[in-house]
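Subject: Structure for you to look at

Hello,

Here is the structure I said I would pass on. Please open it beside this email and find each residue as you read.

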Amino acid sequence: MTEVGTERRSPRPLAYGEWMTVATAEYGRILRLLPELADGSWDRATDCAGWTVHDVVAHLAGAAASTASPRELIRQAWLGRRSGRAGDLVDRMNQIQVAERRGLTPAALRGDLAATSRRGLATRRRVPAPLRAVRLPFGPPLGTRPLGYLLGRIYTRDAWMHRVDLSCATGATLELTADHDGAVVADLVAEWAAAHGRPYELHLTGPAGGRWRAGEPDTVLELDAVEFARTLSGRAPGTGLLTHRVPF
């Protein structure tokens with residue numbers, strides 16, 4: 001876990017079991033945030049191109065449903081392949097998740113997410129280590145990765161980033177703590193550092209922040225921890241080492 005103000009030379013990626021703990025807490029935070037949103041805010045645009053607040057929550061529910069049942073995952077992938085060649089398969093699956101829930105009221109969508117996230121987490125926890133180690137071709141932007149990378153890191157990181165999106169779009173308070181959000185950010189730093197492989201010194205501010213250093217860098221990168229994540233996801237512009245994106 002990351003503590004504000006500490007300095008680490010090698011940020012530690014989270015293990016699969018840790019990701020499941022973080023994922024459980026993350027869905028809890030999202031479900032606590034949603035009732036705070038006024039009905040009119042569900043139509044607001046988000047940082048996700050073409051998506052409203054309603055669309056983001058619909059995607060979260062649909063993605064969680066895909067982890068709860070192999071049959072549902074196959075169904076979404078089949079529909080994604082049938083829907084054309086625009087974008088990559090994951091993008092097309094995401095759009096199907098959104099389209100299928102477009103008619104749901106905010107209350108119904110909250111209930112859908114509560115149910116699918118609970119079932120999805122239970123299924124993700126049961127996946128045995130040998131199966132999680134199997135490398136699969138997910139297509140861009142993930143490429144070929146172990147199944148556990150998707151089920152642990154990406155689904156959890158995606159949910160966390162979308163909670164940030166919901167807060168940015170609506171002005172709702174973004175709950176941030178060093179133990180939970182700091183763990184997500186520290187893992188993000190670890191993957192980012194491995195991707196660029198260059199000396200760096202990074203100071204991230206805010207409750208989710210921390211300090212990391214590798215080698216003998218010329219400059220210190222200093223910015224808010226949430227903005228760091230938004231930059232690496234492509235939601236905010238970056239320069240230098242901050243142009244090295246990581247999957248969300």
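Predicted model: local features only at pLDDT ≥ 70, side-chain atom pairs only at ≥ 80, totals over all residues.

In soluble globular proteins, nonpolar side chains tend to be buried together. Here the largest nonpolar core has 41 residues, and those that touch the most other members are Val189, Trp192, Tyr200, Leu202, Leu204, Phe228 and Leu232. At least two residues of this core come from each of α1 (16-33), α7, α8, β4 (200-205) and α9 (225-232). The largest share is that of α7, with nine residues. There is also a second, separate core of 24 residues, with Leu33, Val53, Leu113 and Ala159 among them.

Helix α9

How many of the eight residues of α9 are buried? Seven are, which leaves the helix mostly covered. The buried ones are Ala225, Val226, Phe228, Ala229, Arg230, Thr231 and Leu232. Their cover includes α7, α8, β4 and β6 (221-224).

At the start of α9, the backbone nitrogen of valine 226 has a side-chain oxygen of aspartate 224 within 2.9 Å. After α9 comes glycine 234, with a positive phi near 90°.

Helices α2 and α4

Two packed helices are described by the angle between their axes and the distance between the axes. For α2 (residues 53-68) and α4 (residues 89-100), the axes come within 8 Å and cross at roughly 110°. The two helices are therefore roughly perpendicular to each other, because angles from 65 to 115 degrees are counted that way. On the α2 side, the residues that meet α4 are Asp55, Ala58, His59, Gly62 and Ala63, and on the α4 side they are Asn94, Gln97 and Val98. Sorted by class, this contact has three nonpolar, four polar and one charged residues.

Threonine 67 is also in helix α2. Is threonine 67 buried or exposed? Its relative accessible area is 8%, so threonine 67 is buried, the cut-off being under 20%. The side chain of threonine 67 comes to 2.7 Å from the backbone oxygen of alanine 64. Not counting residues up to four places away in sequence, threonine 67 touches Gly120, Thr123, Arg124 and Tyr155.

Histidine 162

Histidine 162 sits in helix α7 and is buried, with a relative accessible area of 3%. Which side chains make polar contacts with the side chain of histidine 162? One is that of histidine 59, at 3.5 Å, and another is that of aspartate 165, at 2.9 Å. With neighbours within four places in sequence left aside, histidine 162 is in contact with Cys48, Trp51, Val56, His59, Leu60 and Arg235.

Glycine 171

Glycine 171 lies in the loop between α7 (147-170) and α8 (181-196). This glycine counts as exposed because its relative accessibility is 63%, and the cut-off is over 50%. From C-alpha to C-alpha, glycine 171 and glycine 62 are 24 Å apart in space, and in sequence they are 109 residues apart.

Regards

Terms used:
Residues numbered from 1 in each chain as written. Heavy atoms only, no water. Helix = DSSP H or I, 4+ residues; strand = E, 2+ residues; numbered from the N terminus. Buried < 20%, exposed > 50% of the residue type's maximum accessible area, 1.4 Å probe, protein only. Core = buried A, V, L, I, M, F, W, Y, C linked by side-chain atoms within 4.5 Å. Axes fitted to C-alpha atoms, helices over the stretch in contact; angles between N-to-C directions. Parallel < 35°, antiparallel > 145°, perpendicular 65-115°, else oblique. Contact = heavy atoms within 4.5 Å. Nonpolar A, V, L, I, M, F, W, Y, C, P; charged D, E, K, R; others polar. Polar contact = N/O pair within 3.5 Å; in protein donor to acceptor, adjacent residues only side chain to side chain.
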